[in-house]
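Have the sequence and the 3D view open as you read along.

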Amino acid sequence: MSWAIWITGRPGSGKTTVAVHVAEAVQAWPVTLKVLDLADARRALVGRGWAAPAEEETVHRTLAYTAKLLTDAGVAVVVDATAARRAWRDAAREWIEHFAEVQLVCPPEVCFEREQAARWRLGDARAAAVAAAPDIVLDYEESLHPELRLHTHAPDFRSTVEDVLLLARRLHHAAAAPVTPAGRNVP
């Protein structure tokens, strides 16, 4: 049994950047880690980088269930997905014993600028002509009780990653704790 962290937040809040840095740091641990990326899941499940509303439900529930199967198999998971619906993240919470949600908070105008720069590759006219439009989510449901709520527009990015790594260590230790016959972890 292992653990999962779902990194959520509006497009442009820094989910992928945080996920990549956390995954790089966890490589030094004695743990197998898999990052599940929403964009990859969309392309695999619906054949393109965007999905219709009904398809979004399927993509996100598939991400949550895949994370459950991986953690059951002993693989730690970081989910990098906006997951605009709280219910999609709650499904993962229900299915995965050692689960945490990290809510990234960033002003909408900063998120938009980041998405525009990343997706439209500002400064590179050749790439701008062929890049996909930014991921826009108008009705994002913030987490009510995330294990971590991090503001990502501040310049101290290193502490953001460190906070997620501390959470990952707690989950890792909880998942590795011996289990009693009653099925409870022993501290």
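Let us begin with a cysteine: Cys111 is buried, with a relative accessible area of 3%. Buried here means under 20% relative accessible area, exposed means over 50%, and partly exposed lies in between, using a 1.4 Å probe and protein chains only. Cys106 is buried too, at a relative accessible area of 9%. The sulfur of Cys106 is 3.9 Å from the closest cysteine sulfur, in Cys111, and that is too far for a bond. A disulfide is a pair of cysteine sulfur atoms within 2.5 Å, and a search of the whole structure finds zero of them.

A word on the model itself. This is a predicted model, in which local features need pLDDT of at least 70 and side-chain atom pairs count only at pLDDT 80 or more, while totals for chains, interfaces and linings use all residues. Residues are numbered from 1 along each chain as its sequence is written, and side-chain values use heavy atoms, with hydrogens and water left out.

Now the overall layout. The chain has seven helices and five strands, and from the N terminus on they run β-α-β-α-α-β-α-β-α-α-β-α. Helices (H or I, at least four residues) and strands (E, at least two) are DSSP runs, numbered from the N terminus. Of the 187 residues, 43% count as buried. Contact means heavy atoms within 4.5 Å; among contacts between residues at least 6 apart in sequence, 74% join residues at least 24 apart.

The buried residues of α4 are Trp88, Arg89, Ala91 and Ala92. Seen down the helix axis, these buried residues fall within an arc of 150°, so they line one face of α4. The arc is that of the directions from the helix axis to the C-beta atoms. What covers the buried residues of α4 includes β1 (4-9), α3 (53-72) and β4 (99-105).

Two loop residues are worth a look. Ser143 lies in the loop between α6 (125-130) and β5 (148-151). Leaving aside neighbours within four places in sequence, Ser143 is in contact with Thr8, Arg86, Arg89, Glu101, Gln103 and Arg149.

Here are the buried loop residues side by side:

| Residue | Relative accessible area |
|---|---|
| Ala83 | 0% |
| Ser143 | 5% |
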